[in-house]
Amino acid sequence: METQQSHPKNTSQPNKFGHWLKTSITARMLMVGFLVIILLIPLSYINSLINERAFRQQDVVREINHKWGNQVLVYGPILKLPYKTYTETKTYNEKTKTYFKETQTHINHAYIFPEQLNSKVDVNSKTLKRGNFESAVFTTQMDFDGHYIPVDLTAKGIKSEDIVWDKASIIIKTSNLKGIKSEVQISLKDKAYNFETNFNQNHNSNLDILESSFVDGEAIFKSQKTDFKFSMTFNGSTKIELIPIGKTTTMQMTSNWADPSFMGNYLPNDETKEITKEGFKADWKVLHINRAFSQQHLKSIPNLNQFAFGTKFMVMVDEYQKSERSAKYGFLVIGLTFLVFFLIQTLSKINIHPFQYLMIGLALTMFYTLLVSISEHSNFLKAYLIAGISVIVLITLYSKSILKTFKFPLFIGASLSALYAFIYVIIQLENYALLVGSIGLFLILAIVMFVSRKIDWNNG
């Protein structure tokens, strides 16, 4: 009778592989690296969420600004003078076999800028909120004065007798007709002239035109200096700009806005500029030698928007910009936290399951969703503190259940606190962010190199 011998199953290979996964430093490193890469997926979704909320904020801000009043740009006052030009045509007469001349008269316009333009701008700023979003808006009183010198167009080839003096008018161009809050009048020789809108589909800029009633140009502008004065009141947002069309242009601006951003081709006088928590004062002076255009133009008003200067009134750094900058360090936070757990696991021989690494990584990514959502209802510092403390406490308590001691979880909590504080400092810095970040990363690398020297890397 033959007996059947049972052969034991060959289980040495799977057991050997499982043992390698549990004990090999190389296997742990590969596992940790793979999990870091996997966690980049939720980080990318968080970045998309931040961008989506930022775009939503921009849409709401644009809607608020459109209803209140858009940016303010003033281009004027410009003296508009009609003048005659002539063309001659020769016509051949078949019957008389002779040519006869016919003269045609055309009306063109000359546009003359003032010799002196002074502006005094008083801005009362505030923030308007809609839901979680806010925009900076203002009401501004702009007072202008200056003078024209006697008009002489002979250098342009135009004779005085060809100028239609009784059809002269004053033009002011602006970007914000809907924001004007009072009637606009200009005083010339102590006589007031009203402005009306003058829609011109063919004018070569995005500015609207205000034009005065006809003035007696010959009596006012032909042979003597002419003073002018006018005021404009606007509801506006974003910025206030002036085009320096005076041969000498000055602007004085005062406001209760504490974070101005001066913009354009010309900056204010640095010696007299004042910026405090209560507001700012600034003044500009632009000479004709500082800009590349003349005081007289024929046929059309040139587009001089590129020469505008003024001030931006905006919330300088919003919460979404800070959250986005913070999220860019997500890869660094996850990588360094996993590195701390890896070093603890390797040095203390405590086994940490890949699932536990994954939970820790997800807790770290939750920091950014908490940060964005809380910052919409509070300031960034409070949101950062609440999100950071919540995540640090959660990971510290979870580490206690994994590592079974108090020493390592406290070290992990302290490391995360230092890391989040380091990132917050970098976010707040502008000029020195790269320097501080580089020094911080160098110190972290030095610490890791110092600690990892005790690891037996040959246990692969």
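Strand β8 (residues 208–212) is mostly covered, with 4 of its 5 residues buried. Buried means under 20% relative accessible area, exposed over 50%, and partly exposed in between (1.4 Å probe, protein chains only). Helices (H or I, at least four residues) and strands (E, at least two) are DSSP runs, numbered from the N terminus. This is a predicted model: local features need pLDDT of at least 70, side-chain atom pairs count only at pLDDT 80 or more, and totals for chains, interfaces and linings use all residues. Residues are numbered from 1 along each chain as its sequence is written, and side-chain values use heavy atoms, with hydrogens and water left out.

Two strands pair with β8 (pairing needs at least two DSSP bridges between them).

| Strand | Sense with β8 | Bridges | A facing pair |
|---|---|---|---|
| β5 (residues 169–174) | antiparallel | 4 bridges | isoleucine 171 and glutamate 211 |

Glycine 264 lies in strand β11 (residues 260–264). Glycine 264 is partly exposed, at 43% relative accessible area. Beyond its neighbours within four places in sequence, glycine 264 is in contact (heavy atoms within 4.5 Å) with Ala308 and Phe309. Its C-alpha is separated by 9.9 Å from that of lysine 312, 48 residues apart along the chain.

Helix α7 (residues 380–403) has 24 residues. From first C-alpha to last, α7 reaches 33 Å, close to the 34 Å expected. That expected span is 1.5 Å times one less than the number of residues. Buried residues of α7 include Phe380, Tyr384, Val391 and Leu403. The buried residues of α7 pack against α4 (319–327), α5 (330–348), α6 (354–375) and α8 (407–428). Just after α7, lysine 404 takes a positive phi of about 65°.
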